[in-house]
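Reader: I have the sequence and the structure open. Can you walk me through it?

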Amino acid sequence: MATVSRQKSILLKQFNETRARTLSLVQTLEKDDFVVQTAPFMSPPKWHLGHVSWLLEVVMSKTINNYEFYSQEFSEYLNSYYHQFGEPHDKDKRGLATRPTIDQVFEYFHMMTNKVTNILQNEMLDEKTQQLFFMAINHECQHQELLVYDLQHLLADRYRPLTKNPLPTPSLQESTSIKINGGLYIMGYPGDQFCYDIELPEHKVYLDDYKIDSYPITNKQYMKFVEDGGYDDFKYWLSDGWDKIQNEKWNAPMYWEKIDGQWMTCDFLGKRKINPNDPVCHVSYYEAAAYCKWANKRLPTEAEWEKAACWNEKKQIKTIFPWGNESPDPLHANLLESYIWNCSEIGAYPNGKSHYGCHQMIGDVWEWTSTEFSGYPKFKTGFSEYNDKWFANQKVLRGGSFGTPSISIRGSYRNFFRLDERWLFSGFRCAE
Ligand SMILES: [Fe+2]
């Protein structure tokens with residue numbers, strides 16, 4: 001009983017904090033900013049606000065008998081991809097809808113906050129219902145991060161964050177390759193709090209001995225590949241990747257532009273020279289794989305990445321985070337609540353290093369792995385259509401980014417994207 005009410009109070013606290021964080025991210029936007037879609041892969045802020053509230057209705061519809069959705073019109077616009085709730089609105093046309101209006105969406109947002117708060121405060125919730133509400137909170141965290149990607153695309157340095165902290169003091173480091181002994185490793189989520197269905201069940205994998213980089217690949221390292229003609233030579237590229245860079249005329253990571261012989265980028269910190277010591281960001285799987293081939297290395301599998309991040313060889317235990325089991329704080333990792341709005345230079349988080357000595361595995365940039373996204377052996381779906389219908393043609397990324405809310409990341413977390421996507425905060429480290 002004590003555990004149930006403790007879980008309920010965590011649920012209520014996380015719910016309130018998450019709803020407040022969503023609002024804080026859009027608090028300084030102008031009304032016009034809410035509606036515009038600047039690319040087919042991004043969504044207007046209005047849509048994110050409405051969609052996270054609609055997902056609360058989805059959860060209520062699974063847990064309350066004869067639940068009636070607020071509005072058919074809202075549900076049609078705000079349904080992302082759930083065919084069980086009707087025909088979803090076209091993703092690339094989200095910016096063409098002037099209805100519902102932003103005022104209506106805000107009203108809807110607050111209405112759903114109140115409705116769910118009321119349930120969490122006053123009702124007895126069984127284990128399954130609690131898990132569904134935890135899922136809705138984690139879903140909203142995922143959309144906060146997507147919203148940050150989208151705000152960068154929409155506004156870059158014209159976005160005025162409510163909180164903006166200075167970059168941590170740089171501490172220059174050279175990347176080394178860390179040797180990790182192989183053998184049987186039990187991968188998956190080992191804790192007793194919420195995790196997604198795709199992080200379970202824990203299961204054994206066999207790994208050969210391998211080496212993995214102590215830091216993510218930096219802009220300086222990646223620039224050598226670019227300057228060496230990496231984007232001009234088919235021999236480094238997967239066939240689909242080569243077609244993609246030809247068709248899209250990619251010659252560097254997204255947002256990079258060469259001006260007067262100088263590589264520049266444009267992001268939340270404005271138009272500026274590329275910082276050579278930041279992890280490379282905004283690369284697709286194709287680009288990460290091409291770099292590895294050029295460098296005579298390879299991407300780690302997700303099991304190799306997870307063992308390097310979470311296994312304590314000395315104590316023979318697996319921890320939830322690279323540094324142990326304590327929740328992340330701004331000295332461990334650069335996550336959303338660091339409010340730096342950029343990657344930090346490599347070596348900036350000595351407190352967050354893994355037991356093996358790998359740095360910045362949590363935060364800064366998501367790291368591509370070579371693993372195809374699929375369910376673990378004996379996978380059971382926790383919510384149909386949420387994760388399980390994406391078990392094809394996507395690769396797994398690990399570790400979170402500077403846009404990831406801290407309650408929603410852990411060493412076992414599996415993100416996934418198509419191989420050509422790069423508007424997310426994505427980088428990588430190499431293995432051998
Ligand atoms: Fe969603």
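Reader: Start with β10 and β11. In which sense do they pair?
Author: Antiparallel, over three bridges. Strand β10 covers residues 366–372 and strand β11 covers residues 395–398. Bear in mind that this is a predicted model.

Reader: Which residue stands opposite arginine 398 of β11?
Author: Glutamate 367.

Reader: What sheet are these strands in, and in what order do they run?
Author: An open sheet of four strands, ordered β12-β11-β10-β13. The pairing across the sheet is mixed. At the edges are β12 (415–417) and β13 (426–427), each of which pairs on one side only.

Reader: Now the three-stranded sheet. What is its order?
Author: β5-β6-β7, again an open sheet. Its pairing is antiparallel. β5 (257–259) and β7 (270–273) are the edge strands, each with a single partner, so one side of each has no neighbour in the sheet.

Reader: How much are neighbouring strands turned against each other there?
Author: By 40° on average, with direction ignored.

Reader: And β5 with β6: how many bridges?
Author: Three, in the antiparallel sense, with β6 spanning residues 262–267. In that pair, glutamate 257 stands opposite methionine 264 of β6.

Reader: Which α4 residues are buried?
Author: Ile102, Val105, Tyr108, Phe109, Met112, Val116 and Leu120. They cover an arc of only 110° around the axis, so they sit on the same side of α4.

Reader: What exposed residues does the face turned away from that side carry?
Author: Asp103, His110, Asn114, Asn118, Gln121 and Asn122.

Reader: What about lysine 249? What is its phi?
Author: Near 55°, a positive value in a residue other than glycine. Lysine 249 is in the loop between α7 (239–248) and β5.

Reader: Is lysine 249 buried or exposed?
Author: Exposed, because lysine 249 has 7 C-beta neighbours inside 10 Å. Exposed means 12 or fewer.

Reader: And glutamine 316: what is its phi, and where is it found?
Author: Glutamine 316 has a positive phi of about 55°, although it is not a glycine. Glutamine 316 is found in the loop between β8 (311–312) and β9 (317–318). With 7 C-beta neighbours inside 10 Å, glutamine 316 counts as exposed.

Reader: What is tryptophan 294 in contact with?
Author: Leaving aside neighbours within four places in sequence, tryptophan 294 contacts Phe225, Gly230 and Tyr236. Take phenylalanine 225: in sequence, tryptophan 294 is 69 residues from phenylalanine 225, and in space they are 7.2 Å apart, C-alpha to C-alpha.

Reader: Last topic, domains. Where are they divided?
Author: Domain 1 is 2–158 and domain 2 is 163–432. Their centres, taken over C-alpha atoms, are 27 Å apart.

Reader: How many residues does the contact take from each?
Author: 22 residues from domain 1 and 19 residues from domain 2.

Reader: Which helices supply the domain 1 side?
Author: α1 (2–26) and α5 (127–155) each supply at least two residues of the side that touches domain 2. α5 gives the most to that side of domain 1, with 12 residues.

Conventions
Residues numbered from 1 in each chain as written. Predicted model: local features only at pLDDT ≥ 70, side-chain atom pairs only at ≥ 80, totals over all residues. Pairing = 2+ DSSP bridges. Buried ≥ 20, exposed ≤ 12 C-beta atoms within 10 Å, placed from the backbone. Arc of directions from axis to C-beta. Axes fitted to C-alpha atoms, helices over the stretch in contact; angles between N-to-C directions. Domains from an automatic or database assignment. Contact = placed C-beta atoms within 7 Å.
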